[in-house]
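Let's walk through a protein model together, one question at a time. Keep the picture open beside you as you read.

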Amino acid sequence: MNPPATQNVRTRPAASERPLSAAYDTALLDLDGVVYAGGEAIEHAVGALGAARDGGMRLAYVTNNALRTPEAVAEHLTRLGVPATPEDVVTSAQAVARLIAEQVPAGARVLVIGGEGLRVALRERGLVPVDSVDDDPAAVVQGYGGPELPWGRLAEAGYAVARGVPWYASNTDLTIPSGRGLAPGNGAAVEVVRIVTGRSPQVAGKPLPPMHRETILRTGAERPLVVGDRLDTDIEGAHAGGVDSLLVLTGVTTPAQLLAAEPRHRPAYVDRDLRGLLTAQPDVEAAGSGDEDGFRCGGWLARVRQGALVLEGDGGDPMAGLRALCAAAWAEAGDGACAADAGKALARLGL
């Protein structure tokens, strides 16, 4: 079976007779919430990625986090037990640096509000990082600067943007996973500058086209599979790029949010963790008509009844039950978001 084409309006999860690592040539993997959280490897990630790589799948690590350089990311992955080189890593810093270089003169100065990853990416494009609006920058770029980013750096960005300097952001993720929970992401810092200036930046990171373009240019993927934990960046970015996606439930997205997803946020596949790369994906089938209508996956039957999602069956794999619920919810919602109550159905699955 060939990999399924991404649908404009997906009404059920896709099926694959082959393991996803065989059906696609390249996995475009998000990092935070997928491979690691708080700097430590997520359970099963190291083994699953090793098995996928040994089976011939190329692994590329695509992150909206612009703080670290590709070299630092690759070193971190290798230390965790996931061998990687800088060429395996694509960052939003690289995407935004290319975007800026296409719009300002060669050798232009760029005010940097962020970390070393942004500075290295700008230099690779022949641009000169600077630290003050008094350096007469041609652009200002904002990226995640870590938890210790000084408040004065946001003020410097505000001064430049208020003077009309073109403003760019590596990404606008409001949160970033950490070992202690969700922390403010670059999007939260961007909002500070937006409130002060009343302006909006050009954004390069997922889910927007500059990041997808950067990823394809650097990896040469022909049959890519986006793997992520966020509906509004990873999955939406895959939808915008016309490629399939796997959502793993190890990061930000909850099962309830998945069931309520609008079309651009619906993944082709869903699994508990990265072991989903190593397995076939079962069919979700329409079942019966009238009182027996609904969707079956494994031993589960999911339907919408009186404003609630209802799950019937004799147990089994909770992921099969979740896939059936996705089909019932998405079919009910059409091109909108499902408002049916999913609480009891998810409780049956222990999710």
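A polar contact is a pair of N or O atoms within 3.5 Å; within protein, one of them must be able to donate a hydrogen and the other to accept it. Keep in mind that this is a predicted model.

Q: At the start of α11, which residue's side-chain oxygen reaches to the backbone nitrogen of M319?
A: A polar contact needs two N or O atoms within 3.5 Å. At the beginning of α11, the backbone nitrogen of M319 has a side-chain oxygen within 3.0 Å. That oxygen belongs to D317.

Q: How many of the 16 residues of α11 are buried?
A: Helix α11 covers residues 318–333 and reaches 22 Å from its first C-alpha to its last, close to the 22 Å expected at 1.5 Å a residue. A residue counts as buried under 20% relative accessible area. By that cut-off α11 is mostly covered, and its number of buried residues is 13.

Q: Which residue just after α11 takes a positive phi?
A: Helix α11 ends at residue 333. Just after α11, the backbone has a phi of about 65°. The residue with this positive phi is G334.

Q: Is the aromatic pair of Y24 and Y269 stacked or edge-to-face?
A: The structure holds one aromatic pair. The ring centres of Y24 and Y269 are 6.2 Å apart, with 80° between the planes. Planes over 60 degrees apart count as edge-to-face, and under 30 as stacked. The pair is therefore edge-to-face.

Q: How far apart in sequence are the parts that the pair of Y24 and Y269 ties together?
A: Both Y24 and Y269 are buried. Y24 sits in the loop between α1 and β1, while Y269 belongs to strand β15, so the pair links parts of the chain whose separation in sequence is 245 residues.

Q: Which strand gives the most to the lining of the largest pocket?
A: The largest pocket holds about 290 Å³ of space. Its lining has 14 residues, with D32, Y144, I176, P177 and S178 nearest the centre. By class, the lining divides into seven nonpolar, five polar and two charged residues. The strand that gives the most, three residues, is β10.

Q: How many charged residues are in the lining of the second largest pocket?
A: About 250 Å³ of space lies in the second largest pocket. It is lined by 16 residues, and among them G146, L149, P184, G185 and A189 are the closest to its centre. The lining has eleven nonpolar and five polar residues, and the number of charged ones is none.

Q: Which residue has its backbone oxygen 3.1 Å from a polar atom of the side chain of Q142?
A: Q142 is in strand β8. Buried means under 20% relative accessible area, so Q142, at 1%, counts as buried. The backbone oxygen 3.1 Å from its side chain belongs to A189.

Q: What is the volume of the largest cavity?
A: Rolling a probe the size of a water molecule over the atoms shows where empty space is left. The count here comes to five cavities of 30 Å³ or more. The largest cavity is lined by 19 residues, of which D32, N64, N65, D173 and I176 lie nearest its centre. Its volume is about 170 Å³.

Q: How many nonpolar residues are in the lining of the second largest cavity?
A: The second largest cavity has a volume of about 140 Å³. Of its 15 lining residues, V62, K206, H212, T215 and V226 are the closest to the centre. Three lining residues are polar and three are charged, while the number of nonpolar ones is nine.

Q: Where is P207?
A: The peptide bond from K206 to P207 is cis, with omega near 10°. P207 has its place in the loop between β12 and α8.

Q: Is Q306 buried or exposed?
A: Q306 is a residue other than glycine, yet its phi is positive, near 50°. Its place is in the loop between β18 and β19. Over 50% relative accessible area counts as exposed, so Q306, at 87%, is exposed.

Definitions and conventions. Residues are numbered from 1 along each chain as its sequence is written. This is a predicted model: local features need pLDDT of at least 70, side-chain atom pairs count only at pLDDT 80 or more; totals for chains, interfaces and linings use all residues. Side-chain values use heavy atoms; hydrogens and water are left out. Rings of Phe, Tyr and Trp (its six-membered ring) pair if their centres lie within 6.5 Å; planes under 30 degrees apart count as stacked, over 60 as edge-to-face and the rest as tilted. Helices (H or I, at least four residues) and strands (E, at least two) are DSSP runs, numbered from the N terminus. Buried means under 20% relative accessible area, exposed over 50%, partly exposed in between (1.4 Å probe, protein chains only). The expected span of a helix is 1.5 Å times one less than its number of residues. On a 1 Å grid over the protein atoms alone, a cavity is a set of points where a 1.4 Å probe fits but cannot get out, and a pocket is an open set with protein on both sides within 12 Å along at least five of seven lines; lining residues have an atom within 4 Å of a point. Grid points are joined across faces, edges and corners, and a volume is the space filled by probe spheres set on the points. Ala, Val, Leu, Ile, Met, Phe, Trp, Tyr, Cys and Pro count as nonpolar, Asp, Glu, Lys and Arg as charged, and the others, Gly among them, as polar.
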